[in-house]
Amino acid sequence: MSRLKCLSAGLVCAVALGLTGAPRADAAHITLNVWTIDLESQYMFPLAKQFEALHPDITVHVKHVQFQDINNDLARASITGDVPDISYIDNPYIDLFGSRGLLLDLAPMIAQSKMIDLSKFYPGPLAAVKYGDKIYGIPRGANTLALYYNADKFKAAGLDPNKPPRTWAELYADAKTLTDPAKHVYGLAFSAVASEEGTFQFLPWIQMAGGDYNRLNTPNDVEALQFWQKLIDEKLASPDTLVRSQYDSTATFNAGDAAMAISGPWELPRMAKDAKFDYRVALLPTMTAGSAHVSALGEGDNVILAKSQHPKEAFELLEFLNSKMPSVWNDWGFLPVEQVTVDHPNWPADYALFLQALQTARVRGPSPHWADISQAIQTAVQAALTHQATAAQALATAQQSVDATVNQ
Amino acid sequence: MTRMIARFRDGSSFDLTLVALALAYLFVFAALPMLYTVVMSVQKIDMFTLGTLARPFVGLRNYAHVLAMPVAWRVATNTAIFVVLSVVLQLVIGLVLAIYFRQDFPGASTLRGLFLAGWVMPALVVGAIWRWLLAGDFGVVNFLLGSLGLIKGHIFWISDPHVALYSLIIANVWLGIPFNMLLLSVGLAAIPADVYEAASLDGASAIQRFLFVTLPMMRATLGAVLSLSIIFTMQQYDLVAALTQGGPSNASNVAQYWSWQLSFETYDIAGGSVVAVVMILVVILVAILYVRSTRLEQQA
């Protein structure tokens, strides 16, 4: 009897709670789950806090995922259905998830949005998220490649520091002049490592030669790879270029052990600290005088997963993040992906140069099979640079793999 | 109640429970993952179909596909060189050190203990440190060899395709020596001193004592160390990841690393499973040798 009483009392209690409205407030309170590659102090973490302050009814739960794990983790999450509302995805992998219907098409919401205007976006970053009339994400910022050079070394070698190399031939000649084996100084530092970074560095050269990831074996493409071969064979760049990341390669430039380096704007804070010389930035040299300049498009996108329970609120967060575009350069070192006015940019000259390079930056792919394509390209570069194959053979093999992959 | 417990403990049911527990553990944590790998190696699979078992069966097509890859042959050769050289060098150097420390000199056992310092280091850390030591332009090893006048110019230990695999082997041998030495020391200690004494009295020289006393009496230990060493070398993934990542151009790629690359870099999980299954077969062979040699040890 007493037990029954207790039970009914509990029931009454629960009903009463329901009527007083406390649970109803809970129902209106929304939690957004966000995955990002940032560390605690970076981009998504502080910005999510700011967003929460503006939206007391929304809690943003941000989780850090390692850059190399995020594709795997997202794929596994989409199997179990336990996906976040928003995630970071690297540019060339948007298609992997988009083509399987795992990403929300943002185009209808963008059409209604007062804050996001696609017509202001630069073509490269926009191409990374636009598939036909679908938009699978909002680029959160960009980076790209350019040529850093040590103006002091230029002067010492009798080169004009105001005339950085503009063509491949000039780059070769300058690298040769600047190389000094006695002092262990290489002319150029770049990265041909067997990872996505290697693809990122090599693809602009193929694209400047007129090819692309799916058109790798024209005579011009072969010339691009032969040019890299020549740099390594003649020791104008270190043989360790094959195993060094971009960050490690640029470290040798900062230490004065290479006179030029190909890398991106993420190097600037470290360079300001480590490089005790007059360093400057120039556009990547083109194949011949007047031929097309192409650079690489780096950084990634914020996407909303198709299974998100709160697409509206998730989109509000994306709008908020996008509204921070004028400060991404100074705060996080990203180039803005759309025309915005940046007040007092850090390193104004370098900023202007990188922004110019971004105008011709191309996205890798797109292809739902990017991982395979990227590996075919890395394999070709490594095989040619180690002379296991000629540049022509290596690229022909890569072309075969890419064709097989794309047509599978 | 206590009688029931006693009967349970003394009766055959207790033995059965022990067997069942061990079997259950093996089944859940060893057999199931292994079987799952075998299943995945005969299915069409990518990372979006990982959650279900009902995937298209493709028979041995994955095997044909993987074995036909241009890099497969290279990886197989590299793996063979890596395992054979690593194991032989570890065993020989380990045995020499074990015999060395068996000599009675002050601090011998303490110094032998200190040798283990290398073994307790995580392979990832070992790889990172060797990567610094072996760096082409500014590595310590090149600097030392250059200062001693042994080399002119630099050896590109990590980025020269003719050298990278051997750099990996050097680091792996260094890592494996202490373990070999320790196990072999135990084997040496188990040989009764009077056997040596008798051999000496019969006029056997030091070399003869080694060849006709030490080696035969260590047969079981050597077999066990050899097979364990082969298994450890075949699962040496971390060192490869930290030192060369299989590069340049797959010059130092070995099966265990390739399997990971296939599965998690290009998401060819079926391909990665194929490599894993082939490796399991090899390891099972070695394990049979190991079990046989420990059986001999018990008899000896």
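## The annotated stretch of chain B

The unreviewed UniProt entry puts a "domain: ABC transmembrane type-1" annotation on residues 76-290 of chain B; such annotations may be inferred rather than shown by experiment, feature names are shortened, and positions follow the numbering used here. That span is 74% helix and 0% strand, and its end C-alpha atoms lie 23 Å apart. Helices (H or I, at least four residues) and strands (E, at least two) are DSSP runs, numbered from the N terminus.

A word on the model itself: it is predicted, so local features need pLDDT of at least 70 and side-chain atom pairs count only at pLDDT 80 or more, while totals for chains, interfaces and linings use all residues. Residues are numbered from 1 along each chain as its sequence is written, and chains are lettered from A and ligands numbered from 1 in the order in which they are written.

## Where chain B meets chain A

Here 21 residues of chain B are in contact with 22 residues of chain A (contact: C-beta atoms, placed from the backbone, within 7 Å).

## Chain A overall

Chain A has 18 helices and 13 strands, and its C-alpha trace spans about 100 × 50 × 40 Å along the principal axes. Of its 408 residues, 49% count as buried, meaning 20 or more other C-beta atoms lie within 10 Å of a residue's own; exposed is 12 or fewer, partly exposed is in between, and C-beta atoms are placed from the backbone. Among contacts in chain A with a separation of 6 or more, 74% come from residues 24 or more positions apart.

In chain A, 5 strands make an open sheet in the order 2-1-3-12-6, with mixed pairing (two strands pair if DSSP finds at least two bridges between them). Strand 2 and strand 6 (138-139) of chain A are at the edges with a single partner strand each, so one side of each has no neighbour in the sheet. Helix 3 of chain A packs on this sheet, touching strand 1 and strand 2, and its direction makes about 175 degrees with that of strand 2. Axes are lines fitted to C-alpha atoms, for helices over the stretch in contact, and angles run from 0 to 180 degrees between N-to-C directions.

Strand 12 of chain A is largely enclosed by the rest of the structure, because 5 of its 5 residues are buried. It runs antiparallel to strand 3 (residues 86-90) of chain A, joined by 5 bridges, with A:Ser87 opposite A:Val303.

Back to helix 3 (residues 44-54) of chain A: its buried residues are A:Met44, A:Leu47, A:Ala48 and A:Phe51. They sit on the same side of the helix because they cover an arc of only 105 degrees around the axis, taken from the directions from the helix axis to the C-beta atoms. These buried residues pack against strand 1 (30-36), strand 2 (58-64) and helix 14 (311-323) of chain A. The face turned away carries the exposed A:Lys49 and A:Ala53.

## The four-stranded sheet

Another open sheet of chain A has 4 strands in the order 8-9-7-10, again with mixed pairing. Neighbouring strands of this sheet are turned by 20 degrees against each other on average, direction ignored.

Conventions
Two residues are in contact if their C-beta atoms, placed from the backbone, lie within 7 Å.
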